[in-house]
Amino acid sequence: MSKVSIITAQEAASMVTDHMTITTSGFVASGLPEALTCALEERFLKTGQPRDLTLFYAAALGNRDGSGAEHFAHEGMTKRVIGGHWNMAPKLGELVLENKIEGYNLPQGTLSQLFRDIAAHRIGTLTHVGLNTFADPRLEGGKLNSIAKDDLVEVVSILGQEKLLYKAFPIDFAFLRGTYADEHGNISLEREVASLEITSIAQAAKNSGGKVIVQVEKIVANGSLDPKLIKIPGIYVDAVVLCEDPKHHEQCVGCSYDGSMTGDFRLPLDSLAYPKLSAKKVIGRRAAIELKENSVVNLGIGIPEYISLVANEEGIGDYMTLTVEAGPVGGVPQGGPKFGGSVNPEAILDQPYQFDFYDGGGVDYAFLGLAQADESGNINVSKFGSRIAGCGGFINITQNAKKVFFCGTFTTGGLAVGFENGGIKILQEGKQKKFVKQVEQITFSGAYANRTGQPVLYITERAVFELRDGSVYLTEVAPGIDIQTQIIGQMGFVPKMDGTPNVMDLRIFREERMGL
């Protein structure tokens with residue numbers, strides 16, 4: 001086997017030509033091949049080349065700071081973006097809203113699986129995921145603007161079952177990132193927080209006749225790497241780029257290397273900081289009450305992260321196994337730029353395998369964010385007026401968990417609360433209502449949940465709701481809250497009630513531990 005070519009990031013960028021379909025690795029601020037994408041952006045800004053690229057990626061890419069997918073956020077450079085999540089690359093979203101780039105948003109898990117189907121030359125990914133949501137072509141087909149004309153998703157019927165077909169397409173170029181490369185181009189990922197879908201991406205590009213370029217932090221001698229740690233065999237790799245700038249190869253953008261997320265060492269959990277009492281912690285506590293022993297759990301980003309912190313503070317962190325869609329199983333999921341990694345993980349799977357488990361109903365409890373809910377129980381977390389957030393793994397996870405909980409403050413935009421006499425007090429109401437007559441976009445379908453018999457709860461700092469037979473019922477109210485003025489008066493619809501709602505557990509609103 002011949003030695004792999006070692007080139008510079010600038011040489012790699014020069015290989016990308018007009019109209020190519022390019023993909024990169026990464027999950028939020030982790031695993032980003034920044035040296036490669038920076039070089040490609042610099043080339044375009046200097047020369048105007050390459051032009052009219054199609055960017056394809058599964059998870060969020062970036063840290064809202066110009067990193068990740070934002071290197072492609074230039075009119076003329078990029079023609080089309082097909083992505084699972086957009087919120088971490090807001091400049092891309094702006095170009096889509098201005099109709100300067102064709103935009104598509106499709107379920108993250110399904111896109112990670114699509115890489116495998118592209119690699120195997122299948123016609124696409126066939127799945128129930130996305131039915132009755134905005135990914136369904138009978139609604140929006142994942143199209144984000146008027147110039148996104150192509151139908152990337154099709155409704156099909158197989159053996160009497162309705163499915164969605166996410167169509168395959170060839171990949172011309174893959175910019176990936178690993179930890180080490182040996183002289184034959186074999187790539188290991190031992191210092192990354194997750195292996196993501198990096199193997200599948202490399203296979204998809206290679207079998208499409210495309211090029212695979214991998215950025216690494218060190219090149220080592222043949223035989224130095226444990227073959228069990230190789231995630232990209234050298235036979236898939238066209239060239240390796242040795243990253244010379246440490247800032248372009250941080251484990252997570254803006255963060256120091258944390259070996260507790262890779263298995264280098266384990267941290268004592270009592271070293272973790274626990275949040276003070278707040279509206280978010282109240283929600284996390286109410287959600288944590290739902291946890292049962294020996295359960296498999298997925299936590300979304302934002303307020304759901306508090307559930308893990310509360311569980312560990314209460315000493316019931318071992319009641320459940322927390323999983324993250326990026327691949328970690330067990331441990332404590334992290335937030336912010338470290339979202340996608342877990343402290344003290346028990347295993348780290350490839351992302352497509354994690355989503356196979358999720359899609360098949362392997363998650364007992366899913367706790368996800370609540371950005372907008374309507375009277376039919378639909379949830380929108382993906383598009384708000386002039387802002388494109390994207391669905392990420394939300395559709396895969398919420399559509400298939402055995403029980404799903406949407407967690408968020410009741411209103412947003414300036415909400416302030418206090419705690420007194422064992423209850424909660426609204427000091428200042430948020431400017432925006434989250435419970436509206438009709439959501440702007442259906443990221444979770446209440447109708448689909450009713451059809452499958454999925455239990456659904458909506459947890460806020462002042463009330464808990466339940467989805468029953470296509471309607472939202474108010475079931476619990478926090479002590480100190482007036483139902484008429486502080487709940488119904490702050491909603492776009494009137495929830496149903498079976499008599500007087502229950503009082504939320506009083507322990508939730510006290511500073512001391514609950515004693516779960």
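**A short note on strands and helix pairs**

1. Strand β10 (residues 180-182) and β13 pair in the parallel sense over three bridges; strands count as paired if DSSP finds at least two bridges between them. Helices (H or I, at least four residues) and strands (E, at least two) are DSSP runs, numbered from the N terminus.

2. Please bear in mind that this is a predicted model, where local features need pLDDT of at least 70, side-chain atom pairs count only at pLDDT 80 or more, and totals for chains, interfaces and linings use all residues. Residues are numbered from 1 along each chain as its sequence is written, and side-chain values use heavy atoms, leaving out hydrogens and water.

3. Stepping back, β10 belongs to an open sheet of four strands with mixed pairing, in the order β13-β10-β11-β14. At the edges sit β13 (218-220) and β14 (230-232), each pairing on one side only.

4. Now to the helices: the axes of α6 (residues 279-288) and α7 (residues 305-313) come within 8 Å and cross at roughly 70°. That makes α6 roughly perpendicular to α7 (angles of 65 to 115 degrees). From α6, K280, K281, G284, R285, A287 and A288 meet Y306, I307, V310 and E313 of α7, with contact meaning heavy atoms within 4.5 Å.

5. Another pair to view is α4 (residues 108-119) with α5 (residues 198-207), packed at an angle of about 35° with their axes 8 Å apart. Here F115, R116, I118 and A119 of α4 make the contact with S200, I201, Q203, A204 and N207 of α5.

Notes. Axes are lines fitted to C-alpha atoms, for helices over the stretch in contact, and angles run from 0 to 180 degrees between N-to-C directions. Angles under 35 degrees count as roughly parallel, over 145 as roughly antiparallel, 65 to 115 as roughly perpendicular and the rest as oblique.
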